[in-house]
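Opening the notebook on this one.

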Amino acid sequence: MNKLATATSAYLKSAAHQPVHWFPWGDEAFAEAVGRDRPILLDIGAVWCHWCHVMDGESYEDPVLAEYLNQNFVCVKVDRDERPDVDARYQRAVQAFTGQGGWPLTAFLTPGGEVFYGGTYFPPEGKYNRPGFQSVLQQIATAFRDKRDQISHQSAAVRQAVAETLNEAVAGEASDEVLDGAVAGMERTFDFKNGGFGSSPKFPHPAAVIFLLHRWSDRSEDPVQQMIQLKLIAMAQGGFRDHLGGGFHRYSTDAQWIVPHFEKMSYDNSELLRAYLDGWMVFGREEFREAASETVRWVKEVLADPEGGYGASQDADVGLDDDGDYFTWTYEEAATALDAEELEVAAAYYDIGTAGEMHHNPGKNVLFIAATPDAIALRLGQPPARVLRLIQSAQDKLRGARAARTTPFIDRTRYTSWNAMMASAMLHAGQVLDDPWALQHALLSLNRIRQESPDPDAVLHSPGGLSGLLEDQVQVALAAIDAAEATGDRSWLDWSERVMERVWKEYWDTAGGGFFDTVPDTARAGLLPMAAKPVQDAPTPSPNGVAGIVLSRLAEHTLEPRWLDRRDALVNAFAGGAPQLGLHGATLLLAMDWKLHPPVHLVIVGRSGNPEAERMHRRALATFAPRRVITRISPEEVGKRRLPAALEAMLGQANDPCGYVCVGTSCSLPARNDETWKERLDSAGLTRVVS
């Protein structure tokens, strides 16, 4: 066993048996490199990463290659989910060489942690237009021994390049022109034939979908509606979605959304869940509601911890020669599970044939919706209702047969930022889908984060794990606001305020504006002391963009000027670079939208337990509105809670219950029951399709 045997990370523990003398990231590894005067081989990967497992099996489990590594290098292995701060900096460094990053990330460092060469996956011998790993190792070892001056010069140049790219703050002014330009840029890259942005591979970009939903709700421009619906439809119908188990895979390898990379990430599914819930509320398409509902089911069955919290990911494979075999089907496998009628309908519906889509096994079919039930009914001369019943029974049988297969590994680690994102999405699902489990489990999960946090105003990256990451703090603060709106419990809002006060104190760049991704600490090893101010959604929502939304919502809930001042300073710190961010700046663009346009306040006055007030509250929570703010207060709180000025003058007439819609400086007449409340929401142009 090497130094990884006691690691908590599933990815690191999976390498504990390897003959490579792995170190985890830390001072011990750097001291070893300095003491032995050896370069560091840094391997960054993840437990869900297919090519990480391939490189482990091909190279790091080879005793001969491991012996060469042990003699000539100090080897450090990092889980990118556990240490996003390490990954962020070393990805940028390797990109300086190759122009691209990814996992596994393979970097070669000086004993002090400076990068002088790197890449991603290296096969043992040269293939795939990549150099062989053994040859690369020999060249690196020779260069480190004989060309120290060249290595020193190269690592200094890389450090300079990384320093320039890590600071993504470019000052400017937010404007509608910036938002309009972003929409136009998305339209230029949109694939109106297949749905989605670009060609292949295709990523889900849920933040861009949500941004476009906000813009369409404000302006109702047809191309925006087309982009939203085409993208959501294509992802829901394609093999990118798991049609048996629910949820979505990480990305599509092709332009048609058919063949995915099969791993499933918590963060993708939480944000896609939000996008489909909003899409269902706005457009009322049944496939959007179904995709959202099935995602909730997958989370409940696979990721959810009964005591609160959510796992991080589900792997794609169960072995090195596997490529999504758990999720795919040969025609013979389907025929074994189904009767003749079910097979005929399922083959037409999911395009199950003798020739499939998987290169490693051409008989394997990815399930995707290839024809509508009505079209199948017409072709087969069957009543549509019978075809629907056969599709349902086939799904049930295929799901049961799949359950008998070896299940890909599930990483149960509860990363705080991803847990907050999922809890937020589940709060939304609980109301929109009328799913009590989703709502209660989300609150249980957030309570668990709060209880396990060592400080009342800060959270760790995982239980007992790393501290001082911006993304954890702002995602928790955002989810706490969602919990306050969902429950009317002010303590959630207080927690969000405490967290954001500390974020402002510890992460804000007083010189250049914007938040650093970590609490500045010059004593940390390698490239970690380098300041980073991220604003791209890559792939999770940018923490600075999320912070802008949190600050806006706190300002609306508390009417405290400091939150607006801080939001404006944050948005202005990045606004100059927004036009160049495109798709990857959608979360920042949403924060800009909050700055530029008035919020929609939905205020419900009513005692807890009042059935009519509860119905009105749920209706508000299941209503889509851009920049929505929901406040639930009791009659006793009237006059004690700060509310929009236009509303405060009307609240002397408030009954129990009573609801108000306020947009900007104007408020509707009070609604004193749920039927009138629905009319008020409809007349304000707010969208709700759920009864």
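I started with helix α2 (residues 27–36), whose buried residues are Ala-29, Phe-30 and Ala-33; buried means under 20% relative accessible area and exposed over 50%, with a 1.4 Å probe and protein chains only. Down the α2 axis these buried residues fall within an arc of 95°, so they line one face of the helix; the arc is taken from the directions from the helix axis to the C-beta atoms. On the face turned away sit the exposed Asp-27 and Gly-35. I noted that the cover over the buried residues of α2 includes β1 (22–24), β2 (40–45) and β3 (74–79). Asp-37 follows α2 and has a positive phi, near 55°.

A note on the source: this is a predicted model, with local features needing pLDDT of at least 70 and side-chain atom pairs pLDDT 80 or more, while totals for chains, interfaces and linings use all residues. Residues are numbered from 1 along each chain as its sequence is written, and side-chain values use heavy atoms, without hydrogens and water.

Next, the cavities (sets of points on a 1 Å grid over the protein atoms alone where a 1.4 Å probe fits but cannot get out; lining residues have an atom within 4 Å of a point). I found 5 of 30 Å³ or more, a volume being the space filled by probe spheres set on the points. Of its 32 lining residues, Ile-210, His-214, Arg-274, Asp-482 and Arg-553 are the closest to its centre.

The second largest cavity has about 100 Å³. I saw Arg-414, Asn-419 and Glu-452 among its lining residues.

Technical notes: 1 Å grid on protein atoms, 1.4 Å probe; cavity = no way out; pocket = protein on both sides within 12 Å on 5 of 7 lines; lining within 4 Å. Helix = DSSP H or I, 4+ residues; strand = E, 2+ residues; numbered from the N terminus. Contact = heavy atoms within 4.5 Å.
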